[in-house]
Amino acid sequence: MHPNARGIAVKKAYIDAGAERAAYQMTEVDVYNQPVGQPQVAKVSTHEEVSQFDFFEQCALTQLEAGRLATRFNTKLSALGIKVPYIKFLEPTCYSWLTDGTDDAAVLSEKRLDVSKYKKWNDNKGGVDTLLAKVQPLLELGLGTIGEEEEEEEEEEEADQEEEEQVQVVDEESRQQIIDDDVPQAFSHWSYHDTGGNKRRFLVCDLQGVLNSSFELTDPAIHSRRKRFGVTDHGQRGHEAFFATHKCNPLCKILQLKSPSFKPEGPASQGQA
C-alpha cells in the first residue's frame, strides 16, 4: 500500500483472538526493514482451514457487504437531516507470499484501531453493549420462527413504511434525543428491514471498533436466511437472538422501524417468555 514498501513484518504473539480469527500487530517495511505507512493488524483463522484464501475471501465479502449497507444507511440519515457519526467499515487487504519457495502463505490486513477507544456495541448472539456476556445463551434457546402469514404482513408494513418515508419530516426535538450509542443498534435493526423486500434478510451485527468523527468498525457478522456469510452467520436464529434483546431507541423510532414478532416454538421459548 505504501510506495516504499518492499515487505511486511508481523509480530509473533497475537494481540487478540476471537472465535474465528486471531489478530497480530503488522506493518509494511522498506528495503531496510524499517516500518513505513500506517500501523496495521494482520488477521488469520484460528481454525484449520482448507484454504486461507477462501477464509479471507469470506471475511472480506462479509465486511464489504456490511460496508455497502452502511453507505445506504448513512445516505438515509443524511436525507433525513440527522447529524450523527456515520458508520464505516474498514477496508480489508490480503497479503500473500511464498514460504520455502513452494507454499503460499497469507494474512488479511486492515488499519490498526486505537485499542484504548475500542468498544463492542453488539455481538452475533444477541448480546448488547455491556450485557454481552450475560445474554449470549439466548442463541441456543430456540426462540421461535416467523410464520409465512407474519412475513407477508411484515412486508406489507414495510411497503407502507417506504411510502411514509418519502414525506417523512424529522423534528428537531426528535433529533436531539439521539445519542451516539444509538447509531450502531439502529443500524443493525435497519439492515434487517432494508434487505427484507427481496427476501434476503441480512442483519449486520457484531458491531465493534472505535468512535471518532465516525464509527470505524471491523469484523462484523451478518445473519442471513441462507447462511451465506460463514460460521458467524446464524441465519434466522441470529435474527431471533438480536430481537430478543433489542430495545428500539430514538433513532429506530425516527426510522419507523418495528421489531418482528416470532411464533413460540417448543418449551425452551415458553420458558424464556
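Student: How do β1 and β3 pair, and over how many bridges?
Tutor: Strand β1 (residues 7–10) pairs with β3 in the antiparallel sense, over 4 bridges. Ala-9 stands opposite Thr-27 in β3. Strands here are DSSP E runs of at least two residues, helices are H or I runs of at least four, both numbered from the N terminus; two strands pair if DSSP finds at least two bridges between them.

Student: Before going on, where do the numbers come from?
Tutor: This is a predicted model, where local features need pLDDT of at least 70, side-chain atom pairs count only at pLDDT 80 or more, and totals for chains, interfaces and linings use all residues. Residues are numbered from 1 along each chain as its sequence is written, and side-chain values use heavy atoms, leaving out hydrogens and water.

Student: What joins β2 to β3?
Tutor: A hairpin, through 3 residues. Strand β2 (residues 16–17) runs antiparallel to β3 with 2 bridges, and Asp-16 has Ala-23 as its bridge partner.

Student: And which residue in the β3–β4 turn has a positive phi?
Tutor: Asn-33, at about 60°, in a hairpin with 5 residues between the strands. β3 and β4 (residues 35–45) are antiparallel, joined by 8 bridges.

Student: How many residues of β3 are buried?
Tutor: 8 of its 9. Buried means under 20% relative accessible area, exposed over 50%, and partly exposed in between, with a 1.4 Å probe and protein chains only.

Student: Switching to α5: why is it largely enclosed?
Tutor: Because 12 of its 13 residues are buried, including Phe-187, Trp-190 and Tyr-192.
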